[in-house]
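Please walk me through this structure, one place at a time.

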Amino acid sequence: MDFTPSEEQAAAQGLAARIFGDLSTHERLTAAGTGTDAELWKELCAAGLPAAVEDVGLLGLVLILEEQGRTTAQVPLAATCVYGLLAVAAHGAPEQRERLLPGLRDGTAVATGAFPARGGVHIAEDGALYGTVPWVPWLRDATHVLVADAQRGLWIVRTGEPDVTAVPVETTAPWSAGRLVLDGVRGERLGNGQPGAYADVLATARTAFAGLQAGVCAGSLARAVHHTVTREQFGRPLSTNQGVLLRAADAHMDTEAIRVTAYEAAWRHDERRAREAQALTAAWWASEAGKRVVHAGQHLHGGTGADLDHPVHRHFLWGRQLDAYLGCGGEVLEELGLLLARGSQEGAS
């Protein structure tokens, strides 16, 4: 395994770091409230970052999303790349790729996904889709939704259709989410309904959002380090307190665990190797360890961490939202255990 970024991946990460660092400031995030920063999204698309994902692969996307997570930038980058660009490029029919990819590359189309399949969407005898998905990230921005039905078939649904309703929902993190209601809409099946498409998109999503969590945690920890180094108590910096040092060290190790497991899952995807277990491992670390890191980041700020207007609180909200979105640690660990047990039984037989 070699996670060293290629020249193209490093360039994309560097460009993302510059744009997010310059534009996703505390002041702009405060002004955006719970909505998306439309100007930042335009800047990212003008720089060609979404389009670059097809060239830099999933590992490149993870590196870009780390930079987004550091600043908790409110743009639908992860959803559009995972449920739009990569899903259509990998599983779409040639006509779908030709029709849908240009808009997803330049940002005029925004995608999200009603994932994972939890039995909320069903296909009627006439082929229409019915059901409700309680919340879908960035649904209020989306022009297209990749919907997984109860049988794990994948459908592309346009949000502008009369039989599609997006009801605004406020979640822990400001992800412009919404409740998706399908009332007999005619979806467009992604590709030819390949049996492995759902599992592939789900593994890709878990890996990408784990990368986003690595950035969220890194940003939270960086703020905590700066606070404890610059704030003094009893004539010396807080960072010289052994309890503070140990808490920060644990948070650093957790962040690195999230990062390396996300890198491994992404690398295996790009190398076309089996990765379902690795994607679940990355999701588990992002959920369980991510929760610990953002709690530590807020705690190390002392009373300042309780200020809802302080930047570190935003990292806390994102970390908890990603924990929930990835399935929470217990659910993911159960799925991973069943997968490993199934593999052991197949090997024994």
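Thr 72 touches Ser 24, Leu 29, Arg 314, His 315 and Trp 318, leaving aside residues up to four places away in sequence. A contact here means heavy atoms within 4.5 Å. The model is predicted, so local features need pLDDT of at least 70, side-chain atom pairs count only at pLDDT 80 or more, and totals for chains, interfaces and linings use all residues. Residues are numbered from 1 along each chain as its sequence is written, and side-chain values use heavy atoms, with hydrogens and water left out.

Where does Thr 72 lie? Thr 72 sits in the loop between helix 4 (49-71) and helix 5. Helices are DSSP runs of H or I with at least four residues, strands are runs of E with at least two, and both are numbered from the N terminus. Thr 72 has 1% relative accessibility and counts as buried. Buried means under 20% relative accessible area, exposed means over 50%, and partly exposed is in between, with a 1.4 Å probe and protein chains only.

Follow the chain into helix 5. Two packed helices are described by the angle between their axes and the distance between the axes. The axes are lines fitted to C-alpha atoms, for helices over the stretch in contact, and the angles run from 0 to 180 degrees between N-to-C directions. Helix 5 (residues 77-91) and helix 6 (residues 94-106) have axes that come within 9 Å and cross at roughly 150 degrees. That makes helix 5 roughly antiparallel to helix 6. The cut-offs are under 35 degrees for roughly parallel, over 145 for roughly antiparallel, 65 to 115 for roughly perpendicular, and oblique for the rest. The crossing of helix 5 and helix 6 is left-handed. Left-handed means that the near helix is turned anticlockwise from the far one by less than a right angle; clockwise gives right-handed.

Which residues make this contact? Helix 5 brings Thr 80, Gly 84, Leu 85, Val 88 and Ala 89. Helix 6 brings Gln 96, Arg 97, Leu 100, Leu 101, Leu 104 and Arg 105. By class, the contact of helix 5 with helix 6 has 6 nonpolar, 3 polar and 2 charged residues. Nonpolar covers Ala, Val, Leu, Ile, Met, Phe, Trp, Tyr, Cys and Pro; charged covers Asp, Glu, Lys and Arg; the others, Gly among them, are polar.

Helix 5 also packs with helix 7. Their axes are 10 Å apart, at an angle of about 145 degrees. The crossing of helix 5 and helix 7 is right-handed. From helix 5, the contact includes Ala 78, Val 82, Tyr 83 and His 91. From helix 7, it includes Ala 197, Asp 200, Thr 204 and Phe 209. The contact of helix 5 with helix 7 divides into 12 nonpolar, 2 polar and 1 charged.

Stay with helix 7 (residues 197-230), which holds Gly 215. Is Gly 215 buried or exposed? Gly 215 is buried, with a relative accessible area of 0%. Gly 215 touches Glu 66, Gly 69 and Arg 70, not counting residues up to four places away in sequence.

Now turn to the cysteines. How many disulfides does a search of the whole structure find? The search finds 0, where a disulfide is a pair of cysteine sulfur atoms within 2.5 Å. The sulfur of Cys 81 is 8.7 Å from the closest cysteine sulfur, in Cys 45, so it is too far for a bond. Cys 217 is in no disulfide either, and the nearest cysteine sulfur, that of Cys 328, is 15 Å away. Cys 81 is buried, at 0% relative accessibility. Cys 217 is buried, at 0% relative accessibility.

Next come some backbone details. Most residues other than glycine have a negative phi, and most peptide bonds are trans. The peptide bond from Phe 115 to Pro 116 is cis, with omega near -10 degrees. Pro 116 is in the loop between strand 1 (111-114) and strand 2 (121-123). Trp 138 has a positive phi, near 55 degrees. Trp 138 is in the loop between strand 3 (129-136) and strand 4 (144-148), and is buried at 0%.
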